[in-house]
Amino acid sequence: MKAALAAGALVVAGGLVFWLASAPGTLPAEALAGLEDGDAARGERVFWAGGCASCHAAEDAEGEARLRLGGGLRLETPFGDFVAPNISPHADGIGGWSDEAFANAMLRGVSPDGRHYYPSFPYTSYARMRPQDVVDLHAFMQTLPAVEGETDGHALGFPYAFRRGIGLWKRLNMHPGPVVALGDGDEAVARGRYLVEGPGHCGECHTPRDGFGGLDLANWLAGAAAAEGDGVVPNITPSEDGLAGWSAADIAYYLESGFTPSFDTVGGAMVAVQENMAELPAEDRQAIAAYLKAIPGRPDGHRPAP
Amino acid sequence: MKKAVFALSVLALSATATVAADDPIAVRKALMQANAGAAGVSAAMLKGEMDYNPAVAKAALATFYGVASAFGDYFPEGSDAGDTRAAPAIWEDMDGFQAAVGEFRSDAMAGVQAAGENGPADREAFQAAVGPVLENCRSCHEDYQLKRN
């Protein structure tokens, strides 16, 4: 009887620990204090750097349609299907959100009603963004067309459908500091690091993941199995397996035009990314290129298929 | 440089003549190499890495037009197998593929016409002439070329 009680108490205590450890953590109240009001013009640059349209605009959208963020893209992954939600300024999207709510989503992966978002929304990278950029981005997104309609929810299997568990995942996988230690000397490299590691969220596809979907930061940008299908996302470190043969100018031109140094063209999921990058000022593309040439070269990080 | 571009075009066309009969994959690869060479000099001039030269610009446009005129002929049934990144979509939708090649051809023809006798006068004129031609690369590759893995 005593043993059963003790075991019962342990289960309860274990459950309590889990519940506390997995609690969604929001930003401290003063996180946005002292910022300027959101500036939509500056926010547009953040928007293209952040690649929001790649998943939240309709698939194959072109021109102005890339600003209609009604969601709907389905990411079919081994964890299940993730569906990009409506993030347009409509009541079905993020209409009426405060800056605080928006910043908690971007920087903490927590929804206005206090639930964890799945990391298919790449907040592990966005967590590295400057709060001012987040607020500016919010201001820009409020200027976009309101799109009606809620998307389907994610369709995930056990245990991933259990949302609270993401709290533990975040404890292991949220690293808001810089990934690559680089000297502070070079301004372009520092800007590139911010763009690549933060808003650009390049590592989310170009870095391999562990069995639970956490990024293997020791193989940062070394290439990975694609999240969808059985393809491979290339190594973009400056190694022989990666971009050793590309100059910084080659990388910047690729991001601008979609042409590789051998005048092959950008393909697959990178098409939408490159279209976003083409909207940035040239200095940002050059900064990304400078960073990609400055990081350590690594052999391919693709893991053999299980 | 001028000579190099002409040599490239001639090379591509002679490659066409020698291997056409028995190896369509080799021919279409040679044609795409000619395209890549023409795109390379075009981009170098547009970016200012190479001095702008109207005759070179004209040669690049002519290369695109020549390639576009021939390219669609080298996708016979059965040539989907082998060392090729040509996507099955080409044979599943041959009409769509030929229409895409046709668009490339008409854009290239417009570029050649805009180039006139002496080639586009300056970099801006060349950009206007070649820009629409280069747009074809990606849109066609997206639909009809397999990704490099």
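## Confidence in the model

pLDDT is the predictor's confidence in each residue, on a scale from 0 to 100. Chain B of this predicted model has a mean pLDDT of 88, with 85% of its residues at 70 or more. For the complex, the predictor gives an ipTM of 0.78 and a pTM of 0.87.

A few reading notes: residues are numbered from 1 along each chain as its sequence is written, while chains are lettered from A and ligands numbered from 1 in the order in which they are written. In this predicted model, local features need pLDDT of at least 70 and side-chain atom pairs count only at pLDDT 80 or more, whereas totals for chains, interfaces and linings use all residues.

## Chain B

Chain B has 6 helices and 0 strands, taken as DSSP runs (helices: H or I, at least four residues; strands: E, at least two) numbered from the N terminus. Of its 149 residues, 38% are buried, meaning that 20 or more other C-beta atoms, placed from the backbone, lie within 10 Å of the residue's own.

## The largest nonpolar core

Now to the interior. A nonpolar core is a set of buried Ala, Val, Leu, Ile, Met, Phe, Trp, Tyr and Cys residues joined through C-beta atoms within 7 Å. The largest one holds 92 residues, and Met106(A), Ala60(B), Leu61(B) and Phe64(B) touch the most other members. Helix H3 (residues 54-71) of chain B supplies the largest share of this core, 10 residues. The core lies between domain 1 (35-176) and domain 2 (178-306) of chain A, because both give residues to it; the domain bounds come from an automatic or database domain assignment.

Notes. Buried ≥ 20, exposed ≤ 12 C-beta atoms within 10 Å, placed from the backbone.
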